[in-house]
Amino acid sequence: MEEKTLKKNIIFEGKVLSLRVDEVELSNGHICTREVVEQTGGVCIAPISDNNELIFVKQYRYPVSSVTLELPAGKLEGENPDPLQHAKRELLEETGIIGKDYFSLGSFYTSQAVSTDRLYLFGCRVEKIIKPM
């Protein structure tokens with residue numbers, strides 16, 4: 001079931017993602033192409049209030065031309081590879097919340113058929129709010 005990469009051709013390199021078209025050999029010997037979106041991965045955190053309510057943020061998202069309701073999230077960046085530290089940073093930046101009792105909800109690929117983007121998901125209780133949303 002595995003596919004052997006024969007050639008990688010980078011089409012575009014941006015700040016948020018890169019796009020490449022690979023030539024691969026299938027297990028049956030056929031040659032075909034695969035379009036791959038390379039991303040650094042990201043984090044998402046589900047803050048839970050004292051009333052057991054999830055706290056969301058509103059974000060305008062250009063690709064869908066709409067304001068969306070989302071859990072605080074962001075991409076992995078910088079030299080620190082620890083997803084929990086990135087999740088804590090995003091929580092504070094986007095909501096003004098400092099959490100407590102953090103727990104992992106695992107990780108998953110957001111669109112594994114075309115992307116390398118892996119999302120690490122966490123939950124926490126709200127300890128205090130430094131700045132109101």
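Modeller: In this predicted model, salt bridges link Glu 77, Arg 89, Glu 90 and Glu 93 in a network, and the structure holds seven salt bridges.

Colleague: How do you know that Arg 89 and Glu 90 form a salt bridge?

Modeller: The side chains of Arg 89 and Glu 90 come to 2.8 Å, N to O, and the cut-off for a side-chain nitrogen of Lys or Arg and a carboxyl oxygen of Asp or Glu is 4 Å, so the pair qualifies as a salt bridge.

Colleague: What makes the pair of Glu 77 and Arg 89 a salt bridge as well?

Modeller: The closest N and O atoms of Glu 77 and Arg 89 are 3.7 Å apart, which is within the 4 Å limit, and therefore this pair also counts as a salt bridge. The pair links distant parts of the chain, with Glu 77 in the loop between strand 7 (73-75) and helix 1, and Arg 89 in helix 1, 12 residues apart.

Colleague: Is Glu 90 buried or exposed, and how do you know?

Modeller: Glu 90 has a relative accessible area of 7%, and a residue under 20% is called buried, so Glu 90 is buried. Glu 90 is found in helix 1 (residues 83-95), and, not counting residues up to four places away in sequence, Glu 90 touches Val 43, Pro 72, Ala 73, Gly 74 and Thr 95.

Colleague: What makes Asp 22 and Arg 20 a salt bridge?

Modeller: The side chains of Asp 22 and Arg 20 meet at 2.8 Å, N to O, and as the limit is 4 Å, the pair is therefore counted as a salt bridge. Both partners are called buried because Asp 22 has a relative accessible area of 4% and Arg 20 has 12%, each under the 20% limit.

Colleague: How do you know that strand 2 and strand 3 pair?

Modeller: Pairing requires at least two bridges between the strands, and because strand 2 (residues 18-25) and strand 3 (residues 31-38) share eight bridges in the antiparallel sense, they meet that requirement.

Colleague: What makes the phi of Ser 65 worth a remark?

Modeller: Most residues other than glycine have a negative phi. Ser 65 is not a glycine, although its phi is positive, at about 50 degrees. Ser 65 lies in the loop between strand 5 (57-61) and strand 6 (66-70), and Ser 65 counts as exposed because its relative accessibility is 56%, over the 50% limit.

Colleague: Where does Asp 101 lie, and why is Asp 101 called exposed?

Modeller: Asp 101 lies in strand 8, and Asp 101 is called exposed because its relative accessible area of 53% is over the 50% limit. The phi of Asp 101 is near 50 degrees, again a positive value in a residue other than glycine.

Colleague: Which residues does Lys 100 contact, leaving aside its neighbours within four places in sequence?

Modeller: Lys 100 is in contact with Cys 124, Arg 125, Val 126 and Glu 127. Lys 100 is found in strand 8 (residues 97-109), and because its relative accessible area of 34% lies between the 20% and 50% limits, Lys 100 is called partly exposed.

Colleague: Which residues form the nonpolar patch on the surface?

Modeller: Ile 11, Phe 12, Val 16, Leu 17 and Leu 19 form the patch, with about 420 Å² of accessible area together. Ile 11 lies in strand 1 (residues 4-13), and Ile 11 is called partly exposed because its relative accessible area is 49%, between the 20% and 50% limits.

Technical notes
Residues numbered from 1 in each chain as written. Predicted model: local features only at pLDDT ≥ 70, side-chain atom pairs only at ≥ 80, totals over all residues. Heavy atoms only, no water. Helix = DSSP H or I, 4+ residues; strand = E, 2+ residues; numbered from the N terminus. Buried < 20%, exposed > 50% of the residue type's maximum accessible area, 1.4 Å probe, protein only. Contact = heavy atoms within 4.5 Å. Patch = residues over 30% accessible without salt bridge, like charges linked within 9 Å, V, L, I, M, F, W, Y side chains within 5 Å. Areas by Shrake-Rupley, 256 points an atom, 1.4 Å probe, with all protein chains shown as cover.
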